[in-house]
Amino acid sequence: MLYKLMLYKLLGACIFLSISGYIYAGSTIDFFELGNDTLSRSEVSGKAAGQAIIDANMMRRDIRKLRARAKKSIHEEKTKEWIASANELAATMQNLQTDGALLREKESHLFKKSLNYLEEGMVSVLGDKIRTRNPILMADNTALFFAHNTKFRSVHPNMLNKMGTAIENRAQIFNLDDGSKNINTGMSLMIPALAEQNVPQELDISSFQLSRERQFYAHIEVVEDKANHKAVVLDDHDLLGEGESDSDPYLDDSIDATQYPTELNLAPPNTIHSWLFMITDLYGNRIEYAEIDVGGHMPGHVHGLPTQPRVTKEIHPGIYRVEGMKFQMKGWWVVEFTVRGVGHKVDSIIFNLVL
Amino acid sequence: MKKKSKTSRFKMYLYYGQFYIMVLIGIFSAHKAYTENKESSIYGFTRADVAFLQAFSLSSLPKLPVSVSNKYADNIAAAKLGRKIFYDRRLSKNKKISCSSCHQPEKYFTDGLSQAKALGVGKRSTPTLLGAVWSPWQYWDGRKDSLWSQALEPIEHRDEMGTDRATFVRKLLKYYRDDYQEIFGKISNLKKLQRSAKNASPSKHISHVKLEKRWQALDEGMRTQINRIFTNAGKSLMAYQRQLILPLSRFDKFVDALSDYSSSGHLPGREAEIPYLSPQEISGMRLFMGKGNCASCHNGPFFTNYEFHNIGAPEFNEKQVDLGRYSGVQSLMHDEFSCLSVWSDAQQSQCQEMMFLKRSGPELVGAFKTPTLRNISQTAPYMQSGQFLDLTQVLNHYNVPVPPFYDRGQHPNRPHFDILPLKLEQDEIENILFFLDALTSVYPSDDFWWNINLKDNTSSIQGSHVKRS
């Protein structure tokens, strides 16, 4: 009897150890796998959301038909029937719509989560090749506050009266009623050019981005130049965020620079500098020997980049040096990399920078 | 009704009269407060304002940019030689023209003409040299990427000095042999050079095609030597231009005084405390930074961002439109003396601006480099071909802009239009004009680099940024 008990204990211990051993063995989490998995789940959610909304719309048509019929009919009973079924359908439709909205939200949440996983994956694959995970920012240099007025390409003389002034346009953006109110608190000089470019609230300025066709995952960082670093003036106000989140960074949707305050990703103002562009596919394989074109523009302004940057060298597998980057003014810039990788479709990766 | 006694009527008047008096006092004090407020609001600068304005003052100029393509850029001896060359008329074809013929120091290195006039008449207006050292590109269309490269074009141009490079080199060595050799090294075959370097140049700006033939006839070594000496002359001229320091204008003194106030803790509230700018000029400054938004392109200590914009200035000749930066870029690609050439002292990889030059884009057509506004009231006429004769015309153009002329046959694309109407009142325009006048620096007649008549007494001019008041 004692032996049986011991045997059972031994068996239990063995099972316990093997399970825990399995868990330990499996704790080298494959972030790329997780990321892909979450990404496909988000895609599924997205499709389901789309379907739900399409069904809801179809249902709306049916409801309308039923109600129209009910209106026209003369038989009271039939009318009651149709109205009843119309109302039922309406309730279902509402549920469908709610479902659709929830699924959309889920899709967006899962998408962000997948991006976080992919970021961790890339960090684990590239290791110390990644110097910083922060979004690219620019030093706070007053002289670069300006954004010039290139909001119009070239207008027909008829358009002249319809063009707003700098102050009017600014008033429009900030819903100022008298147009002369100063939006820059703490300044008595009213400077229209400091008005922002309608940067969307939810703009993702991360230096890690997924490609449009979801084939590649890329990261950009400014190549630190000792000479440039000296010229960079740090403004604490810009970098130490107003609110620090205590939530789990993997589940946190917003990009918060306070997470990684030590290593900065700073572009020097109005100076030609270089970037490193690191690219892998969604399984963590580096993309080598790719043809990469660099382009960009400033949304709301009818001009592109002030220089013509290009990829000059692949310094490590999947890590490319991009030279000739220059930002002569602060604001919202969009930089787009068009990638032609062997065995992949032509794809593009878009980075939003709010400098 | 009881008959009212005199005292009670008086009391009645007193009683009701109080209200009238109070109303009058109220109106009077409100008016006084309003006018006082209006005056003091002009002077109501916050700390953020002061920090903003400091970026426009000459006192916040950084050190001169390092010139990778010119190793003699900070060489004082080269600068002194460049100074001599700059004013030497003997080096031109007709012996009457020097760089200073168009870049006149008393006129802040411009000439007051709509189109530059030397041997011939040019297409464009002479830009000033002041502040040019900070610009990555020279000329209105940016067709030269350094000051030394720019200096070489007028020497050979048929409409400017008209001297082919071989003749120029010969003359240079005739007049400045010792100075040159001290800086750039001894020339071993001087006699041979003096004999054979005559009337030869491959430039496309020269007056006669014979000059090209003679150039081809020279041997390789001779050509290289002539080019080398020619570029060294350009580099000396650049070294000279880097020594031109602009004294502080009234605006700079105002901003510096504001900064002193700001750092001491309190801010001025009255004209009497900082006398440099009048109330009208300060209103003009507020308009310049604010409603007029001029500072969006005219920013920095030299009131320019050195960028290329199309502001719709009327075409000088509609049959031959000026394509601006578009043609400038094409010239840059074929420039014989760019940073990428063998005559530059830089490694090709150091020539970042040239290597990543923006060569295409619709915004290049008809775009011209933003000129500096320093001394602008003294350097009429304005725009690339002197289309506007005074600043009032300029501001009226900005106030009610006309889009640029577009000719499908001549323009590669519809030109961009980079300005918005200002819709300013006449008195506001006047205030801006007053402000622009305050950007004038007094001509420093005692500065060795500005005044050719001054003798070289000092042997060790450091060339550092000396602030003058």
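A word on bookkeeping: residues are numbered from 1 along each chain as its sequence is written, while chains are lettered from A and ligands numbered from 1 in the order in which they are written. This is a predicted model, where local features need pLDDT of at least 70, side-chain atom pairs count only at pLDDT 80 or more, and totals for chains, interfaces and linings use all residues; side-chain values use heavy atoms, with hydrogens and water left out.

Start with chain A, which has six helices and ten strands; these are DSSP runs numbered from the N terminus, H or I of at least four residues for helices and E of at least two for strands. Of its 355 residues, 43% are buried, meaning under 20% relative accessible area, with exposed set at over 50% and partly exposed in between (1.4 Å probe, protein chains only). Take the contacts (heavy atoms within 4.5 Å) between residues at least 6 apart in sequence: 74% of them join residues at least 24 apart. The accessible surface of chain A is about 20100 Å², and carbon and sulfur atoms own 55% of that; such areas come from the Shrake-Rupley method with a 1.4 Å probe, and for residues only the protein chains shown count as cover.

How far to trust it? The pLDDT, the predictor's confidence in each residue from 0 to 100, averages 78 in chain A, with 70% of the residues scoring at least 70. Over residues 227-261 of chain A it is below 50, yet that stretch has 44 contacts in the model beyond near neighbours in sequence.

Now the cysteines. Counting pairs of cysteine sulfur atoms within 2.5 Å as disulfides, there is one over all chains. It joins Cys339(B) to Cys351(B), S to S 1.8 Å. Both cysteines sit in the loop between α12 (325-333) and α13 (352-355) of chain B, so the bond ties together parts that are twelve residues apart in sequence. The torsion about the S-S bond of Cys339(B) and Cys351(B) is about -75°, which makes the disulfide left-handed, and both residues are buried.

Cys102(B) counts as buried because its relative accessibility is 12%.
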